[in-house]
Amino acid sequence: MTTARVAFVTGANRGLGREICRQLAARGYEVLLGSRDPERGRVAAADIAAAGGACHAVTLDVTDAAQIAEIAADVDQRYGRLDVLVNNAAILNDLGVDPTATDEAVLRQNLDVNFVGPFMLTAALAPPLRRSDAGRVLNLGTQVGSFGNLTDPDSPLIDDICPAYQASKIALNAATALFAKELRADGVTVNSACPGWVMTDMGHDDLPDYGDAVAPMSPSDAVEQLLWLLDDEATTPTRGFWSLGEQVSW
Ligand code: NDP
């Protein structure tokens, strides 16, 4: 059984998830790289392991309850604990769509992938997280999906519309607050963080014309400023929504 801290990251075959795995492996974590496509996961994990890190691919579509149960059992059996869970996997496929034009199937799909999946995965992995000396859960949120920004007419983000994604990420923030309250007694911290606009497939694809404001950060810079929320320090906060190191409005 490893003495390294064990981390599980969802949706990590590309984008921010993959970079989170790379940086955690470089810091000596034993990393479980989640990917819904087994082959893409295997390739990403092999690349990270080739650079000298401990990284293993784990097949997980976050909407698949049977896979979630299997992974929880595997983590328990293999490690007896889980130190870090990063709920990173997400979809964004309704940019610029007004609420009145929202397709029900798209709404349900966003809620499933971006909210129900991470919620059920966190619940399933709560037993091994509780067994860690310093369990850490990080949910990838977004300032576009902040109830504060959505209800503030002066918010600079007020015209960024993607209703299904926004509602799902606001719900994910609710999950953060709920799990943080329940797991606090066992030393498990639960936070949401917005990485900023980052140059990934999501940061680039089908974006409206925001001019120079589009995706200015590299995945590497974005992840570097997130990882403090996974530190095993007693001072690591819980039940917060963070962006670029600052606490921001839910
Ligand atoms: P990408 O679109 O680049 O990557 C998304 C990842 O999620 C992919 O690995 C994808 O897998 C995976 N995924 C999608 N659906 C599922 C599913 N059902 N089960 C498992 N995995 C799935 O996104 P980013 O890396 O840019 O974003 C990562 C996180 O950061 C997201 O939560 C996003 O909302 C958040 N974020 C990103 C911002 C940005 O500017 N990029 C800004 C604010 C927040 P596959 O390859 O199989 O499709």
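# Helix packing and ligand contacts

Arg18, Cys21, Arg22 and Ala25 of helix α1 touch Ala44, Asp47 and Ile48 of helix α2. The model is predicted. Two packed helices are described by the angle between their axes and the distance between those axes.

**α1 and α2**

- By class, the α1–α2 contact has four nonpolar residues, three charged residues and no polar ones.
- Helix α1 spans residues 15-26, and helix α2 spans residues 38-50.
- Their axes lie 10 Å apart and meet at an angle of about 30°.
- Angles under 35 degrees count as roughly parallel, so α1 and α2 are roughly parallel to each other.
- The crossing of α1 and α2 is right-handed.

**α3 and α4**

- Helix α3 covers residues 65-79, and helix α4 covers residues 104-130.
- The two pack at an angle of about 25°, with 9 Å between their axes.
- That angle makes α3 roughly parallel to α4.
- α3 and α4 cross in a right-handed way.
- From α3, the contact uses Ile68, Ala72, Val75 and Asp76.
- From α4, the contact uses Gly117, Met120, Leu121, Ala124, Leu125 and Pro128.
- Sorted by class, this α3–α4 contact holds eight nonpolar residues, one polar and one charged.

**α4 and α6**

- Helix α4 also packs with helix α6, which runs over residues 163-183.
- The axes of α4 and α6 come within 8 Å and cross at roughly 15°.
- That makes α4 roughly parallel to α6.
- The crossing of α4 and α6 is right-handed.
- On the α4 side, the residues in contact include Val106, Leu107, Leu111, Phe115, Phe119 and Arg130.
- On the α6 side, they include Tyr165, Ala171, Leu172, Phe179, Glu182 and Leu183.
- The α4–α6 contact divides into 17 nonpolar, four polar and two charged residues.

**The ligand**

- The ligand is surrounded by 28 residues.
- The closest are Arg14, Arg36, Tyr165, Val198 and Thr200.
- An N or O atom in the Tyr165 side chain is 2.6 Å from an oxygen atom of the ligand.
- For Arg14, an N or O atom in the side chain is 2.7 Å from a ligand oxygen atom.
- Gly11 uses its backbone: a polar backbone atom there is 3.1 Å from an oxygen atom of the ligand.

Conventions:
Residues are numbered from 1 along each chain as its sequence is written. This is a predicted model: local features need pLDDT of at least 70, side-chain atom pairs count only at pLDDT 80 or more; totals for chains, interfaces and linings use all residues. Side-chain values use heavy atoms; hydrogens and water are left out. Axes are lines fitted to C-alpha atoms, for helices over the stretch in contact, and angles run from 0 to 180 degrees between N-to-C directions. Helices (H or I, at least four residues) and strands (E, at least two) are DSSP runs, numbered from the N terminus. Angles under 35 degrees count as roughly parallel, over 145 as roughly antiparallel, 65 to 115 as roughly perpendicular and the rest as oblique. A crossing is left-handed if the near helix is turned anticlockwise from the far one by less than a right angle, and right-handed if clockwise. Contact means heavy atoms within 4.5 Å. Ala, Val, Leu, Ile, Met, Phe, Trp, Tyr, Cys and Pro count as nonpolar, Asp, Glu, Lys and Arg as charged, and the others, Gly among them, as polar. A residue is near a molecule or strand if one of its heavy atoms lies within 4 Å of it. A polar contact is a pair of N or O atoms within 3.5 Å; within protein, one must be able to donate a hydrogen and the other to accept it, and residues adjacent in sequence count only if both atoms are side-chain atoms.
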